[in-house]
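This report describes one protein chain. Please consult the sequence and the coordinates alongside the text.

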Amino acid sequence: MALPANQPRALSFDTVAAQYAATRPDYPPALFDAMEELADRPLAGADVLDCGAGTGIATRLLRERGAHVVAMEPGARMAAELRRAEPEVPLVRGDGNRLPFGAGSFDVVAYAQAWHWTDPARSVPEALRVLRPGGVLALWWNQADIRVPWVAAEEDRLAPFTRGFPTTVAESFAPFPVRVATREITWSRRITVEEHSRNLATHSHFVVMDPTERAQLLDANRTALARLFPDGELDEPYRCGLTVVRPAAAQGSPEPGTAGREVSPTHPRVHVRTAK
């Protein structure tokens, strides 16, 4: 699913940016524990590029783990929400198919809920290029856990409009000289039926729908959930799929912090490449 072919849909989140920031779920602490384990390094002190950072959900959580984060987001309104929420974070407009950073800039390149908008033929080499020796590419998605009966019933009601993403994407890395590890974390959050409905409305397949059709579909789903959860609250269950990718061999780059680094005025640890 390459960004150029899906750019209108990829950028559709701009129309619901504030709602996205208010209703989308976080990621569980266990996800970041697993990331550190698979990367064989702590996030504290790491230079992390958060690609497709959206409104800054993962950006905030990575910073809370002690990472030095640079956020990159293509959408203007999503970026504005991120700037409002995380005003101290360096923010760059761009996408993963051509990273505007110098080689060896980051310890971790992260994609939270965003890798599927890239073209792996371009985004994989770009991620490997900007990683330092020992660095990793980390991808993850929250997916509704359809093993829970009410979620499975909801999926049936909303089909064929729902579009799930794989819990891992290991097969897409087969053409590249990398090692891949995966992990799945199950978790849930307690929210209201209305909050759940507003969260659904921020998913791209609903955002791009005809407004009348979208309203009818989500209203019918809300009514069904209200019958099922008369107190107005539910546990929204997720399966969070994590994929951690590292180069199969050392890339022969100089030690971090030595040759070839320029100084970025907004983030002195990162070399920002000038776009051509």
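The sections below cover the model and its confidence, the sheet, and the overall packing.

## Model and confidence

This is a predicted model, in which local features need pLDDT of at least 70, side-chain atom pairs count only at pLDDT 80 or more, and totals for chains, interfaces and linings use all residues. Residues are numbered from 1 along each chain as its sequence is written, and side-chain values use heavy atoms, leaving out hydrogens and water.

The mean pLDDT (the predictor's confidence in each residue, from 0 to 100) of the protein chain is 86, and 83% of its residues reach 70 or more. Residues 250-268 have pLDDT below 50, with 25 contacts (heavy atoms within 4.5 Å) in the model beyond near neighbours in sequence. Where pLDDT is low, the predicted coordinates should not be read in detail.

## Sheet architecture

The protein chain contains ten helices and seven strands; these are DSSP runs numbered from the N terminus (helices H or I, at least four residues; strands E, at least two).

Strand 1 (residues 47-51) pairs with strand 2 (residues 68-72) in the parallel sense over five bridges. L49 has V70 in strand 2 as its bridge partner.

## Overall packing

Of the 276 residues in the protein chain, 51% count as buried, meaning under 20% relative accessible area with a 1.4 Å probe, protein chains only. Among contacts with a separation of 6 or more, 76% join residues 24 or more positions apart.

Methods. Pairing = 2+ DSSP bridges. Buried < 20%, exposed > 50% of the residue type's maximum accessible area, 1.4 Å probe, protein only.
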